Amino acid sequence: VTVTGPSGSGAPAVIAVTLNVTAATGPAISGIVNGASFDVGNGVAPGQIVSVFGSNLGPATGQSLTLDAAGRVPTTLASTRVFFDGVPAAVLFARADQVNCVVPYAVRGRATTTVQLEYNGVRSASTVLNVADTAPGIFTLTQATPGRGQGAILNSNNVVNSATTPAAPGSIISIYLTGEGATTPAGVDGEVATAGNLRRPIAPVSVRVGGILIPAADLIYAGSAPGLVLGAMQINVRLPANVPAGAVPIDVTIGQG
(Lines give C-alpha, C1' and ligand atoms only; values in the text may rest on other atoms or scores of the structure.)
Protein backbone atom coordinates (compact mmCIF):
# COMPACT_ATOMS: atom_id res chain seq x y z
CA VAL A 1 0.00 0.00 0.00
CA THR A 2 1.42 3.40 -1.01
CA VAL A 3 0.28 6.53 0.84
CA THR A 4 0.90 9.91 -0.83
CA GLY A 5 0.32 13.36 0.69
CA PRO A 6 -2.03 15.96 -0.83
CA SER A 7 -0.98 17.19 -4.28
CA GLY A 8 1.91 14.77 -4.16
CA SER A 9 3.69 16.70 -1.39
CA GLY A 10 6.34 14.83 0.51
CA ALA A 11 7.76 11.42 -0.18
CA PRO A 12 5.19 8.62 -0.44
CA ALA A 13 5.02 6.12 2.38
CA VAL A 14 5.05 2.46 1.38
CA ILE A 15 3.40 0.00 3.78
CA ALA A 16 3.90 -3.72 3.23
CA VAL A 17 0.66 -5.67 3.77
CA THR A 18 0.33 -9.45 3.62
CA LEU A 19 -2.93 -11.17 2.63
CA ASN A 20 -3.24 -14.88 3.22
CA VAL A 21 -5.56 -16.64 0.76
CA THR A 22 -6.70 -20.25 0.92
CA ALA A 23 -8.15 -22.16 -1.98
CA ALA A 24 -11.95 -22.43 -1.97
CA THR A 25 -13.04 -25.86 -0.73
CA GLY A 26 -16.15 -27.28 -2.32
CA PRO A 27 -18.49 -29.95 -0.96
CA ALA A 28 -17.16 -33.50 -0.77
CA ILE A 29 -19.35 -36.61 -0.37
CA SER A 30 -17.90 -39.40 1.74
CA GLY A 31 -20.93 -41.71 1.84
CA ILE A 32 -24.67 -42.07 1.24
CA VAL A 33 -26.81 -44.34 3.44
CA ASN A 34 -30.42 -45.27 4.10
CA GLY A 35 -31.85 -42.33 6.04
CA ALA A 36 -33.80 -44.62 8.38
CA SER A 37 -31.42 -47.43 9.28
CA PHE A 38 -28.14 -45.70 8.27
CA ASP A 39 -27.31 -48.91 6.44
CA VAL A 40 -25.30 -48.70 3.20
CA GLY A 41 -27.42 -51.38 1.53
CA ASN A 42 -27.17 -52.58 -2.08
CA GLY A 43 -28.55 -49.45 -3.70
CA VAL A 44 -31.05 -46.63 -3.40
CA ALA A 45 -34.71 -46.93 -4.32
CA PRO A 46 -37.06 -44.38 -5.87
CA GLY A 47 -38.47 -42.13 -3.15
CA GLN A 48 -36.06 -43.40 -0.50
CA ILE A 49 -34.96 -40.98 2.21
CA VAL A 50 -31.17 -40.98 2.31
CA SER A 51 -28.48 -39.29 4.38
CA VAL A 52 -25.47 -37.85 2.58
CA PHE A 53 -22.30 -37.53 4.66
CA GLY A 54 -19.19 -35.54 3.90
CA SER A 55 -17.67 -32.10 4.34
CA ASN A 56 -18.75 -28.59 3.33
CA LEU A 57 -22.18 -29.94 2.38
CA GLY A 58 -24.13 -27.07 3.91
CA PRO A 59 -24.16 -24.44 6.67
CA ALA A 60 -22.30 -24.96 9.94
CA THR A 61 -25.61 -24.88 11.84
CA GLY A 62 -28.15 -27.45 10.69
CA GLN A 63 -31.20 -26.14 8.83
CA SER A 64 -34.53 -27.98 8.63
CA LEU A 65 -37.01 -27.63 5.83
CA THR A 66 -39.84 -25.17 5.43
CA LEU A 67 -42.55 -26.16 2.93
CA ASP A 68 -42.76 -24.02 -0.19
CA ALA A 69 -45.82 -22.11 -1.40
CA ALA A 70 -47.19 -25.28 -3.00
CA GLY A 71 -46.91 -27.16 0.31
CA ARG A 72 -44.04 -29.34 -0.89
CA VAL A 73 -40.54 -29.98 0.42
CA PRO A 74 -38.22 -27.65 -1.56
CA THR A 75 -35.22 -28.79 -3.59
CA THR A 76 -33.02 -26.03 -2.15
CA LEU A 77 -32.31 -25.62 1.56
CA ALA A 78 -29.73 -23.18 2.97
CA SER A 79 -28.06 -22.98 -0.50
CA THR A 80 -27.76 -26.79 -0.60
CA ARG A 81 -29.06 -28.93 -3.46
CA VAL A 82 -28.65 -32.62 -4.29
CA PHE A 83 -28.94 -34.00 -7.82
CA PHE A 84 -29.61 -37.56 -8.96
CA ASP A 85 -28.83 -37.80 -12.68
CA GLY A 86 -29.38 -34.05 -12.81
CA VAL A 87 -32.81 -34.20 -11.15
CA PRO A 88 -32.98 -32.12 -7.93
CA ALA A 89 -34.04 -33.98 -4.81
CA ALA A 90 -36.33 -32.70 -2.07
CA VAL A 91 -33.99 -31.63 0.77
CA LEU A 92 -35.14 -32.30 4.34
CA PHE A 93 -32.09 -31.18 6.35
CA ALA A 94 -28.77 -29.53 5.58
CA ARG A 95 -25.62 -29.19 7.66
CA ALA A 96 -21.93 -29.08 6.85
CA ASP A 97 -21.43 -32.78 7.56
CA GLN A 98 -24.87 -34.25 6.72
CA VAL A 99 -27.70 -33.64 4.28
CA ASN A 100 -30.96 -35.63 4.28
CA CYS A 101 -32.93 -35.77 1.04
CA VAL A 102 -35.40 -37.91 -0.91
CA VAL A 103 -34.24 -39.84 -3.96
CA PRO A 104 -36.30 -38.63 -6.98
CA TYR A 105 -38.83 -41.12 -8.30
CA ALA A 106 -37.28 -40.60 -11.76
CA VAL A 107 -34.48 -43.08 -10.93
CA ARG A 108 -36.95 -45.95 -11.24
CA GLY A 109 -35.84 -48.55 -13.75
CA ARG A 110 -32.23 -47.37 -13.93
CA ALA A 111 -29.27 -49.56 -13.04
CA THR A 112 -27.29 -46.72 -11.47
CA THR A 113 -27.69 -43.06 -10.59
CA THR A 114 -25.06 -40.33 -10.43
CA VAL A 115 -25.24 -38.07 -7.38
CA GLN A 116 -23.81 -34.58 -6.95
CA LEU A 117 -24.28 -32.18 -4.06
CA GLU A 118 -24.16 -28.43 -4.57
CA TYR A 119 -23.50 -25.86 -1.84
CA ASN A 120 -23.28 -22.13 -2.53
CA GLY A 121 -23.16 -22.83 -6.25
CA VAL A 122 -20.20 -25.24 -6.05
CA ARG A 123 -20.79 -28.91 -6.89
CA SER A 124 -19.10 -31.97 -5.49
CA ALA A 125 -17.48 -34.71 -7.51
CA SER A 126 -19.90 -37.33 -8.80
CA THR A 127 -20.82 -40.40 -6.76
CA VAL A 128 -22.37 -43.36 -8.57
CA LEU A 129 -24.89 -45.52 -6.70
CA ASN A 130 -26.70 -48.69 -7.69
CA VAL A 131 -30.48 -48.37 -8.01
CA ALA A 132 -32.69 -51.03 -6.42
CA ASP A 133 -36.44 -51.57 -6.80
CA THR A 134 -36.79 -51.38 -3.02
CA ALA A 135 -34.41 -50.71 -0.12
CA PRO A 136 -36.44 -50.83 3.09
CA GLY A 137 -35.00 -49.53 6.34
CA ILE A 138 -36.85 -49.00 9.63
CA PHE A 139 -36.32 -45.72 11.45
CA THR A 140 -34.76 -46.17 14.88
CA LEU A 141 -34.71 -43.83 17.85
CA THR A 142 -30.91 -43.61 18.04
CA GLN A 143 -29.55 -44.74 14.64
CA ALA A 144 -26.37 -45.59 16.51
CA THR A 145 -25.97 -48.95 14.80
CA PRO A 146 -27.27 -49.51 11.25
CA GLY A 147 -30.47 -51.52 11.29
CA ARG A 148 -30.32 -52.07 15.05
CA GLY A 149 -31.73 -50.53 18.22
CA GLN A 150 -35.16 -49.43 19.36
CA GLY A 151 -37.43 -48.97 16.37
CA ALA A 152 -39.43 -45.79 15.81
CA ILE A 153 -42.70 -47.57 16.53
CA LEU A 154 -45.96 -46.33 18.00
CA ASN A 155 -48.24 -48.45 20.17
CA SER A 156 -51.99 -48.47 19.56
CA ASN A 157 -52.40 -45.52 21.98
CA ASN A 158 -49.85 -43.47 19.96
CA VAL A 159 -47.24 -43.79 22.73
CA VAL A 160 -43.72 -44.50 21.51
CA ASN A 161 -42.88 -48.15 22.03
CA SER A 162 -40.07 -48.83 24.51
CA ALA A 163 -39.01 -51.19 27.28
CA THR A 164 -41.12 -49.18 29.73
CA THR A 165 -44.08 -48.80 27.34
CA PRO A 166 -44.30 -52.18 25.59
CA ALA A 167 -47.01 -53.18 23.14
CA ALA A 168 -49.54 -55.78 24.21
CA PRO A 169 -49.95 -59.03 22.25
CA GLY A 170 -52.88 -58.67 19.86
CA SER A 171 -52.61 -54.85 19.75
CA ILE A 172 -51.85 -52.77 16.66
CA ILE A 173 -48.48 -51.07 16.22
CA SER A 174 -47.28 -48.55 13.61
CA ILE A 175 -43.81 -49.01 12.09
CA TYR A 176 -42.08 -46.15 10.26
CA LEU A 177 -39.61 -46.79 7.49
CA THR A 178 -38.43 -45.72 4.03
CA GLY A 179 -37.29 -47.41 0.83
CA GLU A 180 -40.56 -48.88 -0.42
CA GLY A 181 -39.73 -47.93 -4.01
CA ALA A 182 -42.27 -47.11 -6.71
CA THR A 183 -45.84 -46.57 -5.59
CA THR A 184 -49.38 -46.51 -6.87
CA PRO A 185 -50.45 -43.86 -7.64
CA ALA A 186 -46.99 -42.73 -8.74
CA GLY A 187 -45.03 -40.73 -6.20
CA VAL A 188 -44.47 -37.00 -6.62
CA ASP A 189 -41.13 -35.61 -5.45
CA GLY A 190 -41.44 -33.49 -2.32
CA GLU A 191 -45.20 -33.94 -1.88
CA VAL A 192 -46.48 -34.38 1.66
CA ALA A 193 -48.85 -37.27 2.33
CA THR A 194 -52.40 -36.44 3.34
CA ALA A 195 -55.53 -38.53 3.74
CA GLY A 196 -56.43 -37.70 0.15
CA ASN A 197 -53.17 -38.62 -1.59
CA LEU A 198 -51.87 -41.74 0.13
CA ARG A 199 -49.70 -44.09 -1.94
CA ARG A 200 -49.06 -47.79 -1.58
CA PRO A 201 -45.91 -49.62 -2.69
CA ILE A 202 -46.14 -51.61 -5.90
CA ALA A 203 -43.97 -54.36 -4.43
CA PRO A 204 -45.55 -56.80 -1.94
CA VAL A 205 -44.96 -56.20 1.78
CA SER A 206 -44.41 -58.78 4.50
CA VAL A 207 -43.61 -58.35 8.19
CA ARG A 208 -42.19 -60.66 10.84
CA VAL A 209 -42.35 -59.82 14.53
CA GLY A 210 -40.32 -61.98 16.88
CA GLY A 211 -39.79 -64.37 13.98
CA ILE A 212 -43.54 -64.80 13.44
CA LEU A 213 -44.88 -63.94 9.97
CA ILE A 214 -47.81 -61.54 10.22
CA PRO A 215 -50.74 -62.93 8.19
CA ALA A 216 -52.18 -60.75 5.44
CA ALA A 217 -55.35 -60.19 7.46
CA ASP A 218 -53.32 -58.60 10.26
CA LEU A 219 -51.21 -56.42 7.94
CA ILE A 220 -53.72 -53.60 8.22
CA TYR A 221 -52.00 -50.82 6.29
CA ALA A 222 -48.79 -50.32 4.32
CA GLY A 223 -48.34 -47.00 2.56
CA SER A 224 -47.58 -43.32 2.89
CA ALA A 225 -47.15 -41.90 6.38
CA PRO A 226 -49.73 -39.09 6.71
CA GLY A 227 -48.13 -35.73 7.45
CA LEU A 228 -44.70 -36.79 6.21
CA VAL A 229 -43.01 -36.43 2.83
CA LEU A 230 -43.74 -39.14 0.28
CA GLY A 231 -41.04 -41.74 0.71
CA ALA A 232 -41.69 -42.02 4.43
CA MET A 233 -43.77 -45.17 4.89
CA GLN A 234 -46.04 -46.44 7.66
CA ILE A 235 -46.99 -50.04 8.28
CA ASN A 236 -49.76 -50.93 10.76
CA VAL A 237 -49.84 -54.54 11.95
CA ARG A 238 -51.69 -56.49 14.60
CA LEU A 239 -49.27 -58.32 16.84
CA PRO A 240 -49.70 -62.08 17.18
CA ALA A 241 -51.27 -63.26 20.41
CA ASN A 242 -48.26 -65.53 20.96
CA VAL A 243 -45.55 -62.93 20.34
CA PRO A 244 -42.83 -63.42 22.98
CA ALA A 245 -42.40 -60.83 25.73
CA GLY A 246 -39.43 -58.49 25.83
CA ALA A 247 -37.42 -56.92 23.02
CA VAL A 248 -38.16 -58.77 19.78
CA PRO A 249 -36.87 -58.18 16.26
CA ILE A 250 -39.01 -56.73 13.49
CA ASP A 251 -38.19 -57.63 9.90
CA VAL A 252 -39.88 -55.93 6.95
CA THR A 253 -39.55 -57.24 3.40
CA ILE A 254 -40.74 -55.21 0.42
CA GLY A 255 -40.40 -56.99 -2.89
CA GLN A 256 -36.92 -58.52 -2.95
CA GLY A 257 -35.57 -56.04 -0.39
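**Close-up views of a predicted model**

**Figure 1. Asparagine 158, at 60% relative accessibility, counts as exposed, because the threshold for that class is over 50% relative accessible area.** The model shown here and in the views that follow is predicted. Asparagine 158 is placed in the loop between β14 (153-154) and β15, and its backbone has a positive phi of about 70°, although the residue is not a glycine. A positive phi, near 60°, is also found at phenylalanine 38, again a residue other than glycine, and this phenylalanine 38 sits in the loop between β3 (28-34) and β4.

**Figure 2. The whole chain is built from 22 strands and zero helices.** With a radius of gyration of 24 Å, well over the 18 Å that the globule rule gives for 257 residues, the chain is more spread out than a compact globule. Taken along the principal axes, the box filled by the C-alpha atoms is roughly 100 × 40 × 35 Å. Buried residues account for 42% of the 257 residues. Of the contacts between residues at least 6 apart in sequence, 60% join residues that are at least 24 apart.

**Figure 3. Arginine 81 and glutamate 118 form a salt bridge through their side chains, with an N to O distance of 3.1 Å.** This pair links distant parts of the chain, since arginine 81 belongs to strand β6 (residues 80-84) and glutamate 118 to strand β10 (residues 112-119), 37 residues apart. Side chains of opposite charge can pair when their charged atoms come close. Glutamate 118 has a relative accessible area of 10% and is therefore buried, the limit for that class being under 20%, whereas arginine 81, at 26% relative accessibility, counts as partly exposed. Glutamate 118 also meets the side chain of arginine 123 in a salt bridge, again at 3.1 Å from N to O, and arginine 123 is counted as partly exposed at 38% relative accessibility. In the model, the count of salt bridges comes to seven.

Figure 4. Arginine 72 stands 44 residues away from glutamine 116 along the chain, and the C-alpha atoms of the two are separated by 22 Å.

**Figure 5. Arg72, Glu191 and Arg199 are linked in a network of salt bridges.** Glutamate 191 and arginine 199 are each buried.

**Figure 6. The second largest pocket holds about 300 Å³ of space.** Its lining is made up of 19 residues, of which Ile49, Leu92, Asn100, Phe139 and Val229 are the closest to the centre. Two or more lining residues come from each of the strands β4 (49-55), β9 (98-102), β15 (172-178) and β21 (232-238). By class, the residues of this lining divide into 13 nonpolar and six polar, with no charged residues.

**Figure 7. The peptide bond that joins threonine 184 and proline 185 is cis, with an omega of about -10°.** Proline 185 lies in a loop, the one that runs between β16 (183-184) and β17 (200-201).

**Figure 8. Alanine 69 is placed in the loop between β5 (63-64) and β6.** With a relative accessible area of 91%, alanine 69 is exposed, because the class begins over 50%. Alanine 106 is 37 residues away from alanine 69 along the chain, and 23 Å separates their C-alpha atoms.

Conventions
Residues numbered from 1 in each chain as written. Predicted model: local features only at pLDDT ≥ 70, side-chain atom pairs only at ≥ 80, totals over all residues. Heavy atoms only, no water. Salt bridge = Lys/Arg side-chain N within 4 Å of Asp/Glu carboxyl O. Helix = DSSP H or I, 4+ residues; strand = E, 2+ residues; numbered from the N terminus. Buried < 20%, exposed > 50% of the residue type's maximum accessible area, 1.4 Å probe, protein only. 1 Å grid on protein atoms, 1.4 Å probe; cavity = no way out; pocket = protein on both sides within 12 Å on 5 of 7 lines; lining within 4 Å. Points joined across faces, edges and corners; volume = space filled by probe spheres on them. Nonpolar A, V, L, I, M, F, W, Y, C, P; charged D, E, K, R; others polar. Rg over C-alpha atoms; globule rule 2.2 N^0.38 Å. Contact = heavy atoms within 4.5 Å.
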